[in-house]
Amino acid sequence: MATIYGQNCMILADALLLIGIGFAFMLFWQGRRQAEQARNYVERYCQQQQLQFIDMAWKSGKIAKIKRHIGWLSRYEFDFSSDGESRYTGCATLLNMRLVDITTPPYRLPQE
């Protein structure tokens, strides 16, 4: 009887390990998709505002609820230039794959 019980515990442990690995992979994949979507949003924003996009990095993430939507809220910092000389840091916030907000500090307008 002890042998059967030991085998059942090993099968359960193996199943839980596989579920954990699958969940970690799913989180990684979703994070990559969200980062790509955030970059698309930020590049489009910079183009619309006539800013030069420089780079972007993930800042933080957490589970959050905004209005009726629950999901993974991520903040990305991005650097941009308005005149080709100055460098500024803005912030893009996404809930799952949706853009929540893009904020930028005041920046110098280019001399024309």
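Start by selecting isoleucine 63, which lies in strand β1. Isoleucine 63 counts as exposed because its relative accessibility is 66%; here buried means under 20% relative accessible area, exposed over 50%, and partly exposed in between (1.4 Å probe, protein chains only). Helices (H or I, at least four residues) and strands (E, at least two) are DSSP runs, numbered from the N terminus.

Before moving on, a word on what is on your screen. This is a predicted model, in which local features need pLDDT of at least 70 and side-chain atom pairs count only at pLDDT 80 or more, while totals for chains, interfaces and linings use all residues. Residues are numbered from 1 along each chain as its sequence is written, and side-chain values use heavy atoms, with hydrogens and water left out.

**Stop 1**

**Stop 2**

Switch to a cartoon view and find the open sheet of four strands, in the order β1-β2-β3-β4 with antiparallel pairing. Two strands pair if DSSP finds at least two bridges between them. β1 and β4 stand at the edges with a single partner strand each, so one side of each has no neighbour in the sheet. From one strand to the next, the twist averages 20° (axes are lines fitted to C-alpha atoms, for helices over the stretch in contact, and angles run from 0 to 180 degrees between N-to-C directions).

Now zoom in on β3 (residues 88-95) and β4 (residues 98-103), which pair in the antiparallel sense over five bridges. Alanine 92 has isoleucine 102 of β4 as its bridge partner, and leucine 94 stands opposite leucine 99 in β4. Two residues lie between the strands of this hairpin, where asparagine 96 takes a positive phi near 55°.

**Stop 2: salt bridges**

How many salt bridges does the structure hold? There are five, each being a side-chain nitrogen of Lys or Arg within 4 Å of a carboxyl oxygen of Asp or Glu.

- Select arginine 39 and glutamate 43: their closest N and O atoms are 3.1 Å apart. Both residues lie in helix α1, four residues apart, about one turn of the helix.
- Next, pick aspartate 55 and arginine 87, with closest N and O atoms 3.2 Å apart. This pair links distant parts of the chain, with aspartate 55 in strand β1 and arginine 87 in the loop between β2 and β3, 32 residues apart.
- Then show arginine 108 and aspartate 83, whose side chains meet at 3.3 Å, N to O. Arginine 108 lies in the segment after β4 and aspartate 83 in the loop between β2 and β3, so the pair ties together parts 25 residues apart in sequence. Salt bridges that share partners also join Asp55, Asp79 and Arg87 into one network.

**Last stop: confidence**

Finally, colour by pLDDT, the predictor's confidence in each residue, from 0 to 100. The protein averages 88, and 91% of the residues score at least 70. Among the elements, helix α1 (residues 2-48) has the lowest mean pLDDT (83) and β3 the highest (96).
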